[in-house]
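Please examine the sequence and the structure shown below before reading the report.

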Amino acid sequence: MHSSFYAISIALLLTLPLIAAILCFVVNSIKVKRYLSVLFAIVLVFICVAQASYVFENDEPLQLVVGEWLPPLGIKLVLDGFSSVMLLMTSIIGLAITFYSTHYFESDDKESRFWPLWWFLITALFGVFVSSDIFNTYIMLELLGLASVSLIAIQGTQKALQASYQYLLVGLLGSLFYLLGVAIIYRTYGVLDNELIAQLAQNNLSTKLALAFITLGMMMKCALFPLHFWLPEAHSNASAPVSAILSALVIKAAFFILFKFWFEILTPVVTVFAVSLIGCLGAAAIIYGSYRAFTAPRLKLLVAYSTVAQIGYLFVAFPLMIVTPEITRTAVIYFIVAHGCAKAAMFLSAGTIQKAVGHDNLADLKGIAVHLPLSIFIFAVTSTSLIGLPPSGGFIAKWLMLNNAVQAGQWWWVVTLFIGGLLASAYLFRVLNLAFTTPEQESLLDVNYSEKKLLGAAGLAIITIIIGLNAIWLTSMIASNA
Amino acid sequence: MKTSSLVSQRTMAVVIISLVSAIAALLLIAFIQQPVHDNALREVVFANLDKTGVSNPVTAVLLNYRAFDTYLEFAVFLCVAVAVLPYVLDVQLPKQKLSAESQVLAIAKIFVPLSILMAGYLLWIGSTQPGGAFQAASLLAGCLVLLSLANVRTIDFSTARSRFLLSGGLLAFIVVNIVVFSQTFCFITLPQNIAGSLILFIEFFATFAVSASLFLCFESIHKGHL
Amino acid sequence: MILMTQSMLFSLCAVILLAIGLIGFLLTSDFLRKLLALNVIGMAIFMVLIAAANNDPNAVDPLPHAMVLTGIVVAAAGTALGLNLASKIVKFARSIQGENTAIENKKSNATQDSSSGQTD
């Protein structure tokens, strides 16, 4: 199959989910929506696997010039190693959550609102990861933000509505700051394509301000401390499939854009002081997020604060990128994959627990392990990945970053990474401890809940172990290409 | 207690105002120091203008050179319409009594036909002069809002037909993409001879879709807040 | 002294508008006013783009015009979603308040009855 066929598959990635969205919107029957969604999800996984195998075998990025108008006139879509890993992750996690959602919603009304918005979210995620044009990325970001807000608001409770409104305000402000950065870049350089800007970029005040505004906007969107205040409410009050995709992928989309701008597009502007500042914010996020997770009264709130803490790890990698770019890049990609799969599976199992018991107050969840064994098993396996215990993928990611920091001689980041692992184990063992202690009274929980829809989540949890066991194969593949 | 929180509120306000002013000053210095880019792109736009099928450069950029952006913009609008639709359906529609000759109805009787004509003109003239789908759509949406304020029932959002109307713009664009792909095997590459008519086809359906979505957003607040 | 062309004047106004919008967003606590402030910030950014397009009034750059058209539509969509959510929140708050006052009325009636019963 020659490369133009694979290039057209990028176009399929951006058309098929929209067709699915329109079909799910227009059709009345809920069964048709479910079957259609599962079908489209499986097809998209096949497309992403084919693309990833092409990119990694041939060691060159896939490019699609939309409309045959070359930049700077038109838009180019590029699929390099980093993008193909993110696309693969999106489609596989999307498939797992799609399976889960077919049995999750208690009312058909909520479910029929869920499906079209879900497909818009998937389109936006695909778009962010392939777009090589800064204004096109803005529109994808807006679609991502609006779809996420609408998905949270489906819940209909007062807290969910308020959380989604707050997320909307913060998200719109973040997108507007990003647009201001785009406007300054266009005013200075006159082009909108990533590669052209990378060639033309110089270290002047305008470019510095553009990067500052873009960073501020993306920090809001990926909830880096201290701009994380919207995340715990939004992720804990949404329904479980929505929380899963938000924590696993939507946050990472904002990080992906930020990473590209700092280390591929506007590289002449990056200074040691700036990356160290970002690294310090990441360290603060780890410590603050872990502390709040440890004292959280509810399970989903704990998992949401855990996301705040884990995002800090990704930003601690920024100062390491200055010193050892290739290894840190591999570590970052590994961490994103491990954390994405783990967090999605964790939210899905937390959702099952909440539906089975009726609430998610940690104090009342004693002894749950007897009644919901699969959920607690998934929770335990993903906890090992988040803490960084072998043989999980999280261990490999943290080991790569620690190794990197030690080689670079930056001992304060080493200490931070260690402390982060300890804190994560503290709050995650808290949950497992409660789940396994036998309650004093006779079981108040009358739990008779089938857990078959967690098969997808179990698959994700197993993936986090597999990428831990096959580390050498995966890291060499990513390192040679990304 | 009260005074201390007031003082801290004042200091917070002063800190924020000074920070924002500093950022604005920096931005201003950057704008003064840095000249605007040389206008190289403009020549390329005008050089290829005859291949696009329209002669208005802004329409060419929107619907040919960077048609992908417009494709996603339709998706954004449809996403918001999908999110807002249940809020309209939740509301029990009150019994509409057409009160005899309310003022708004009188105005509507004069303005709506003229506006529809104007919207059609804006849609058609978009290929040569400033105009196009969004301008026509906002005018049509204004008509629908005026009629709704006059208590005239216009679009019933509970039918499947109205959902087709809302997704019309994106659907038309996808149809064009598929048709064009079967001819040229490229993504959104409009062939030169039919480019103008394809653009008009997309804009036609998009006008109705965008105006229906705008009207939906208005209606859900107007009716829902009674 | 800077040369005050039309483009420079627009850029100056855009920066002032941006500052006003940002201060408004950060200082107000009313959630609807925050949405309005976001619209002001959006308009300021569009002004920056238009000013960049109009640098040479004889050779106007069409690309920022298309960007601003797209941006206005996207901003309008976001504002529409925000207003709908705000309307739902207020409706919810009103209905909860209505329930609370109904419960309080019942309680005060009950205490009134019991106190009147005692005095009898």
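Predicted model: local features only at pLDDT ≥ 70, side-chain atom pairs only at ≥ 80, totals over all residues.

## A buried strand in chain A

Strand E2 of chain A covers residues 75-79, and five of its five residues are buried, so the strand is largely enclosed by the rest of the structure. The side chains of A:Ile75, A:Leu77 and A:Leu79 point one way from this strand, while A:Lys76 and A:Val78 point the other way.

Strand E2 pairs with strand E1 (residues 62-66) of chain A in the antiparallel sense, over five bridges. Within this pairing, A:Leu64 has A:Leu77 as its bridge partner.

## The contact between the chains

Chain A and chain B bury about 4,500 Å² between them, and 75% of this area is on carbon and sulfur atoms. The contact takes 49 residues from chain A and 48 residues from chain B.

The count of salt bridges between the two chains is one. In a salt bridge, the side chains of B:Arg66 and A:Asp133 meet at 2.6 Å, N to O. B:Arg66 also forms a salt bridge with B:Asp69, where the closest N and O atoms are 3.1 Å apart. Both B:Asp69 and B:Arg66 are buried.

## Salt bridges within chain A

Over all chains, the structure holds nine salt bridges. One of them joins the side chains of A:Lys76 and A:Glu195 at 3.3 Å, N to O. A:Lys76 lies in strand E2 and A:Glu195 in helix H7 (residues 194-200) of chain A, so this pair ties together parts that are 119 residues apart in sequence. A:Lys76 has 10% relative accessibility and therefore counts as buried, whereas A:Glu195, at 35%, is partly exposed.

Another salt bridge links A:Glu264 and A:Arg329, with the closest N and O atoms 3.4 Å apart. A:Glu264 belongs to helix H10 (residues 240-265) and A:Arg329 to helix H13 (residues 325-357) of chain A, so the pair ties together parts that are 65 residues apart in sequence. A:Glu264 is partly exposed at 30% relative accessibility, while A:Arg329 is buried at 12%.

## A nonpolar patch on chain B

A nonpolar surface patch of about 550 Å² is made by B:Leu165, B:Val175, B:Val179, B:Phe201, B:Phe204, B:Phe205 and B:Phe208. The elements that give two or more residues to this patch are helix H8 (168-184) and helix H9 (195-224) of chain B. Helix H9 of chain B gives the most, with four residues.

B:Phe208 lies in helix H9 of chain B. Its relative accessibility is 35%, so B:Phe208 counts as partly exposed.

Definitions and conventions. Residues numbered from 1 in each chain as written. Chains lettered and ligands numbered in written order. Heavy atoms only, no water. Buried < 20%, exposed > 50% of the residue type's maximum accessible area, 1.4 Å probe, protein only. Pairing = 2+ DSSP bridges. Patch = residues over 30% accessible without salt bridge, like charges linked within 9 Å, V, L, I, M, F, W, Y side chains within 5 Å. Areas by Shrake-Rupley, 256 points an atom, 1.4 Å probe, with all protein chains shown as cover. Salt bridge = Lys/Arg side-chain N within 4 Å of Asp/Glu carboxyl O. Contact = heavy atoms within 4.5 Å. Buried area = accessible area lost by both parts, 1.4 Å probe.
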